[in-house]
Amino acid sequence: MNKKRFLHMGLLSLIIDFCIAFTPVQAASAAADEPGCEARLAARAVEAEVYDSRKYYGQYDRREGFRLVQRLLKMNAQLEEEESSGILTRERLVELGVIRFTDWIVRDSTNKQMQPYAQLELPFAMTSVYVPGKKPDRNYSAKARTIGMSPLREYDADDFQALFILLPGIGFESSTAKSMMDMGGTWMNGTNPGLELGGGRSLKFLSFPMDGPLNGTSANAPFGFGHPDAVMGMMRNAHLVLRTLYPGKPVVFGGRSHGGLYVAQYARTFSDFTRAIALNPSNPTPEILAGTIAIHEAWADPKNAEQARKDGFDTNFHVPSWTAHREFTGDFDLLGNESLTPVYLQLSREDKGYPPGYLDSWIAWCEQNPALRRFELFDGPHNLWRRPRDSEESRLFEFVLRGIKINLAPAFP
């Protein structure tokens, strides 16, 4: 689906709304009494059920999704205008309803261990960003909430070289951004040998895990939020918010799996951030996408569940998120040679989630524009951005961090 088709969806929805609003109720009732009508209505209900489950989850969701995406893009344009005028502040974001901190205790993906993050809701983007913090602020009050302050004592951004926005892959109804919190903590500590710059210095990034569309805290967003225009709008919203909360800091985007595809697309769309890093990103090339879908749906078969776990995959996907992957991934426009921001790809030769041709496709993409696109091959699992479980994973994790550091270091002398 290209952008024109997406706009046509909205126009078609308005026409349908108009027709429904002016359909006489009596005429509809009379039609229901016609011979054979019950069978026809039953057939339509079956068709609608199949359509809803495989495509857009209902006419209402399509209309509402289009409206909310347009609302998001309009708000982003307003934020950019106010930012350029020098009037966009934390208090202004609260006044516009763009941010809202929750009072909830953030726990890890197992829901057992407390995490040093506060949940920052982005109502227009219909998702959340997790903001790192120290101990709970004992002086936190309702007044502090009204001016957009975190319930945790916030870090001083001057202690870090950049802001690091992290996006996970396709996930579940529980927040998949939580799977990135270990990676975020590693970058904030800067103590891993892979991040050492020499002379007692290391890369230290203030890290913000973010849920992508239709999973985690975005699980209930309309299905249309899986469209590339909406995804770029969500990321743009988070980007504008965080650089308002932490002004003057460079921004780096990092993504794993489907999150890697998002950050690569963002680098083709915007030029006002420093780097995009993608680990084993999804590939929108039609034949590779078809092969990827076939692999994952084969793993979803209960008889293959054990093999899927051995290969490092959990196939209990949130249904709308997985269906959006099927429907919209092919619409990401990565085939051209334009990029506005440097992109660094880390590609595993051992990733069993992708079909043959996956590596060659991304390598060819990088070679189209070597000045702004670089890649590195390694041997490791698909879900590498997690806390290492043994010494072998620790060495591989350090290797991957070192590759990222080497690519990023020139931007942070």
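Me: Which residues are buried in helix 10?

Reply: This is a predicted model. An α-helix has 3.6 residues a turn, so residues three or four places apart point the same way. In helix 10, the buried residues are I288, L289, G291, T292, I293, H296 and W299.

Me: What do the buried residues of helix 10 pack against?

Reply: They pack against three helices: helix 11 (305-310), helix 12 (319-328) and helix 13.

Me: How many Å should helix 10 span, at 1.5 Å a residue?

Reply: Helix 10 covers residues 286-299, which is 14 residues, so the span should be 20 Å. The C-alpha atoms at its ends are 20 Å apart, in agreement with that value.

Me: Now a strand. Which residues of strand 11 lie on one side and which on the other?

Reply: In a regular strand the side chains alternate between the two faces of the sheet. In strand 11, V343, L345 and L347 are on one side, while Y344, Q346 and S348 are on the other. Both faces are covered, and all of these residues are buried. Strand 11 runs over residues 343-348, and six of its six residues are buried.

Me: Is the pairing of strand 11 with strand 12 parallel or antiparallel?

Reply: Strand 11 pairs with strand 12 (residues 373-378) in the parallel sense, over six bridges. Within this pairing, L347 has L377 of strand 12 as its bridge partner. The chain goes from strand 11 through helix 13 (residues 358-368) to strand 12, a β-α-β crossover that is right-handed.

Me: How many bridges join strand 10 to strand 11?

Reply: Four bridges join strand 10 (residues 275-279) to strand 11, and the two run parallel. A276 stands opposite V343 of strand 11.

Notes. Residues numbered from 1 in each chain as written. Predicted model: local features only at pLDDT ≥ 70, side-chain atom pairs only at ≥ 80, totals over all residues. Heavy atoms only, no water. Buried < 20%, exposed > 50% of the residue type's maximum accessible area, 1.4 Å probe, protein only. Pairing = 2+ DSSP bridges. Right-handed = clockwise from strand over helix to strand, strands pointing away. Expected span 1.5 Å × (residues − 1). Contact = heavy atoms within 4.5 Å.
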